[in-house]
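Thanks, everyone, for making the time this morning. I would like to walk you through one model, beginning with the whole chain and ending with a single residue, so please keep the view open as I talk.

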Amino acid sequence: MIDIQKIRNQFPVLKQQVYGKPLVYLDSAASTQKNIDVLLAERQVTLDFYGNIHRAAHFMADKTTQVFEASRDLTAQFIHAGSREEIIFTKGTTESVNLAAFSFGEAFIREGDEIIVSEMEHHSNIVPWQMTAQRKGARIVRWDFNEKGELELPELKRLINSRTRLIAVCHVSNVLGTINPVKEIAGLAHASGVTVFVDGAQAVQHIAVDVQELDADFYAFSSHKMYGPNGVGVLYGKRELLDAIPPYQGGGEMISEVSFSGTTYNELPYKFEAGTPHITGVAGFGAALAFLSKTRFADIEKHEKMLLEMATEELSKIGGVTIYGTSPRKSGVISFNMKGIHPYDAGMLLDKMGIAVRTGHHCADPVMEHFGIPGTVRASFAIYNTPEEVDRFIAAMKKIKEILAV
Ligand code: PMP
């Protein structure tokens with residue numbers, strides 16, 4: 001069982017009032033709030049022993065390096081990577097996708113090849129693949145979802161052919177909330193020698209992830225959606241794949257030797273970590289992982305599912321509400337519209353009632369296009385949300401209907 005009050009106490013920001021009302025924060029899919037330990041870890045590195053990592057041979061740099069590399073170990077454990085060398089620190093999911101798309105593209109994508117991208121992807125798991133396709137003369141093939149917001153495996157089977165090189169798919173959709181069957185997708189892909197890139201930005205904080213069990217070739221996520229600092233992300237890649245692809249950026253740290261007659265690259269993971277990274281952020285990320293690891297994922301899932309089911313049921317009772325994404329395999333995200341009410345208007349009124357949600361296209365234009373809508377209201381739940389907050393959200397939506405519905 002989760003002790004929500006104990007958890008909430010670690011997020012002082014949640015205690016504040018907005019426009020004189022207690023804050024209800026239902027925008028964790030965009031960014032979670034930060035655990036106090038995260039700030040303390042960043043503060044400790046900043047105030048007690050800050051130095052640039054890896055390079056300098058002095059006490060402070062050495063201490064900072066230890067903290068930085070400890071976060072790498074924690075990350076590897078957290079997603080059950082085969083080794084710490086398979087964990088590349090980036091500035092976020094977006095950079096992780098760009099890295100994979102560029103470097104994989106350079107090594108393995110040729111003219112006439114195909115990259116399958118699911119229709120429910122965030123723009124950051126579409127555009128970098130489009131850029132690679134454009135550079136290499138390859139083609140993007142769209143994998144549509146069904147009316148419940150589910151990707152169907154027979155359809156994937158139909159799309160894979162001898163030209164397919166990679167499938168880009170999210171583990172959990174940031175709009176529909178669907179939890180995709182990554183293991184089965186990887187099984188199908190690997191049977192045809194196709195590589196699988198998984199965008200885990202909306203998964204790692206909600207469900208237990210074991211990249212080896214899933215057999216994902218790449219897996220990307222962002223610290224700021226998992227109670228950690230912004231400006232830090234991860235790209236996991238299978239070692240043999242990371243070894244086989246060239247670096248994404250050149251600079252310090254990623255080299256072994258540099259001369260004007262030629263340069264050799266550093267070993268994994270440093271080959272992909274050019275320049276000074278977000279050192280304090282990575283330290284804070286380690287604290288976020290330690291926080292998340294204190295609660296069993298089975299309990300996190302149970303709690304968030306309870307909030308999702310409650311919100312779904314109560315919202316459906318209001319009448320005139322369309323929910324986008326109705327798969328039974330769903331994470332704590334609920335995207336919806338109320339008849340006759342523009343999502344921006346609903347979001348603005350919710351804000352004035354102290355309730356923070358997201359409105360708009362959620363960086364997933366193809367999903368909006370699928371439903372023929374300009375945007376949705378999206379409420380998303382996290383470990384620190386309570387049933388009382390869901391009640392306040394529902395009461396607010398009823399009030400908005402009274403005020404705005406035609
Ligand atoms: N993928 C998904 C599914 C997301 O929800 C997001 C963030 N909204 C991203 C990628 C991009 O993450 P970031 O902005 O941290 O790079």
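This is a predicted model: local features need pLDDT of at least 70, side-chain atom pairs count only at pLDDT 80 or more; totals for chains, interfaces and linings use all residues.

Residues are numbered from 1 along each chain as its sequence is written, and side-chain values use heavy atoms, with hydrogens and water left out.

The protein chain has 14 helices and 17 strands, where helices (H or I, at least four residues) and strands (E, at least two) are DSSP runs numbered from the N terminus. Its radius of gyration, taken over C-alpha atoms, is 22 Å, close to the 22 Å from the globule rule (2.2 Å times the number of residues to the power 0.38) for 406 residues, so the chain is as compact as a globular protein of that length. Buried residues, meaning those under 20% relative accessible area with a 1.4 Å probe and protein chains only, make up 56% of the 406.

Now to the sheet. It is an open one of four strands in the order β13-β14-β17-β16, with antiparallel pairing, and two strands count as paired if DSSP finds at least two bridges between them. The edge strands, each pairing on one side only, are β13 (321-324) and β16 (358-360). From one strand to the next the twist averages 30°, with axes being lines fitted to C-alpha atoms, for helices over the stretch in contact, and angles running from 0 to 180 degrees between N-to-C directions. β16 is joined to β17 (residues 376-380) by three bridges, and Thr359 stands opposite Val377 in β17. Across β13 and β14 lies helix α11 (residues 297-318), running at about 10° to β14.

Finally, is Asn337 buried or exposed? Asn337, which sits in strand β14 (residues 333-338), counts as buried because its relative accessibility is 11%. Its side chain makes a polar contact (a pair of N or O atoms within 3.5 Å, one able to donate a hydrogen and the other to accept it; residues adjacent in sequence count only if both atoms are side-chain atoms) with the side chain of Tyr324, at 3.3 Å. The Asn337 side chain also reaches the backbone oxygen of Gly375 at 2.9 Å. Beyond its neighbours within four places in sequence, Asn337 is in contact (heavy atoms within 4.5 Å) with residues including Thr322, Pro343, Ile373 and Val377.

How values were computed: Buried means under 20% relative accessible area, exposed over 50%, partly exposed in between (1.4 Å probe, protein chains only).
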